[in-house]
Amino acid sequence: MEILVALLAAAVLLVVGIPIGYVLIAASVVAIWLTTNTPLVVVPLRLFNGTDSFPLVAIPLFILAGALMNRAGISQRLTEFAGAVVGWMRGGLALTTTGASMLFSEMSGSAVADAAALGSVLIPAMKERGYPAPFAAAVLSSSATIAILIPPSIPMILYGAVTGASIARLFLAGVVPGVLAGALIMAVSRILARRGGFGQAEPFSRRRLAAASKAAAFPLLIPVVILGGIFLGWFTATEAAAVAVLLALVMGLSGASRLRFAAIRRALGESARQTAVVMVLVAGSAVLGWYLANQQAPERLTSFVLDRAGEPWTVALFLNGVLLAAGTILHSAAAVVLLVPILLPLAESAGIGPVHFGMMVTVSLAVGQQTPPVASVLITTCSIAKTGIGAVMRVNIFFIAALLLVLAVVTFFPVASLFLPDLLLGAPG
C-alpha cells in the first residue's frame, strides 16, 4: 500500500507536467507524510546524502571534458577519421556516424552530449547526400546511445556509486557490448541503405586516411590515457575525469582551432546545466529509493518473484522487462539510483553478480533512450533533423532490435562482457 502511494503521487505529478527530478522529490514527500511517522526533515538530509559521493564528482568532470573537446573541434577530427576508415562503403556516411559516435563516446560518457555534438554536423551532411531525414535521425540516435556502453559511462559511474561495484570492472565489461552494438548498428545501416537505394559508396583514399589519422592522433590518445590510467591503477575514475578535462584544455589551447575564453565559458555553462539536471535526478531518486527500502520493497519484490519464477533465466527476463519499461519513462540517472537498490538483491538471488547486472542495466537503459515518451537521445536527434518521432521510430525499430540482441547476449552469455575484466583485473575475490 505504501509503495502504491508513492507511485500514484509520481504518476499524477508527471501527468501535470512537472519535471521528473522534482516529481521524485515531491512523491517522496507525499509518501513519507501520508504513510510514516518520519519527520520531513529527513528529506533534505537524504537529498544531500544522495549526491555526497566522491565517485559522482566524475560526472560533471566528464561532461565538462566532452563539452571542451567538442568546442575544440575534436568531434570533427574524429568524424573525418571515421569517414576515412569506413566512408568508402555503401551507406558510408551512416557508418561514419556510428564510428564517430563510438570514438567520441570514449571521451564524453553521455549519449545526449554525443548526439548533440555530432548531430549538428552529421545529420545535415546525410540529408544533403540524399539520406532520408528519419534514417539520419535514427542512425545517429542509436549510435549516440553507445556512449553509455563504451567507457567512460555516466550510468556506470552512478551504478558503481550506488552498489559499490568496481567502476574499473564496469568500464572494462562495457567494451565488448559497446563494440558489438556498433557493429550491429553498422550492419543494419548498410542493409537499410542498400534496400533504400541511398548512401552511394565513395572511392577509398589513402591520402585522406593519412591526413585524418594525423589530425586525430592526439584525440585518439586521450581515451588510452584515461582508461589505461584507470585499469593500471594510476588513478580512480574521478581522477581520470579530471585528467580528461586537463587534456581537453591542453589540446584546445594548443591546437590549430584554439579555444577562446568565450568557448570555454559556454562549455562551462553547458556542463553546469547538464550536471544540475543529473544531480537533481540523483538526489530525488535517492530520497524515493530510501523510502522504498525502508518499506522493504527489495525484500518483498525478491520474495514475490522467486516464489513464481522457477529458473534463474526467468528472473533475468523479469529484470530486463522492468528495466526496459522503466527506461521508457525515466532518465537513465534516475533509473539507476531508484531501481538498482531494489532490483540488485533479486538479481544476486538468481546468481547474477553485480558487474553482470550492471551491464544488463546499462544496455536496457540504452534501449530506453530510444523509446518514447522520454527518449532523451531520440528527441535530440529528431529536433536536429527537423522530423517527427513517429517517422523516425519506423526506422529506429530496426536499430532497437540490434540493441535488444546485444541485451540478450549480455544477459544470457555473461562471459561476453565479463571475460575482459576477469582477464585484465583478475577474477573477483
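Is T145 buried or exposed in this predicted model? T145 is buried, with a relative accessible area of 0% (buried, under 20%; exposed, over 50%; partly exposed, in between; 1.4 Å probe, protein chains only). Residues are numbered from 1 along each chain as its sequence is written. The model is predicted, with local features needing pLDDT of at least 70, side-chain atom pairs pLDDT 80 or more, and totals for chains, interfaces and linings using all residues; side-chain values use heavy atoms, without hydrogens and water.

T145 sits in the loop between α8 (133-144) and α9 (154-163). Helices are DSSP runs of H or I, at least four residues, numbered from the N terminus. The T145 side chain reaches the backbone oxygen of A366 at 3.2 Å. Leaving out residues up to four places away in sequence, T145 touches A111, A366, Q369, Q370 and L403 (contact: heavy atoms within 4.5 Å).

The whole structure holds 3 aromatic pairs (Phe, Tyr or six-membered Trp rings with centres within 6.5 Å; stacked under 30 degrees between planes, edge-to-face over 60, the rest tilted). Y131 and F135 are stacked, at 5.9 Å centre to centre and 20° between the planes. The F135 and F399 rings lie 6.3 Å apart at their centres, with planes at 55°, so this pair is tilted. It links F135 in helix α8 to F399 in helix α20 (residues 389-412), 264 residues apart. Both F135 and F399 are buried.

The structure has 1 salt bridge (a Lys or Arg side-chain nitrogen within 4 Å of an Asp or Glu carboxyl oxygen). R169 pairs with D422, with the closest N and O atoms 3.3 Å apart. R169 is buried at 12% relative accessibility, whereas D422 is partly exposed at 33%.

Terms used. Helix = DSSP H or I, 4+ residues; strand = E, 2+ residues; numbered from the N terminus. Polar contact = N/O pair within 3.5 Å; in protein donor to acceptor, adjacent residues only side chain to side chain.
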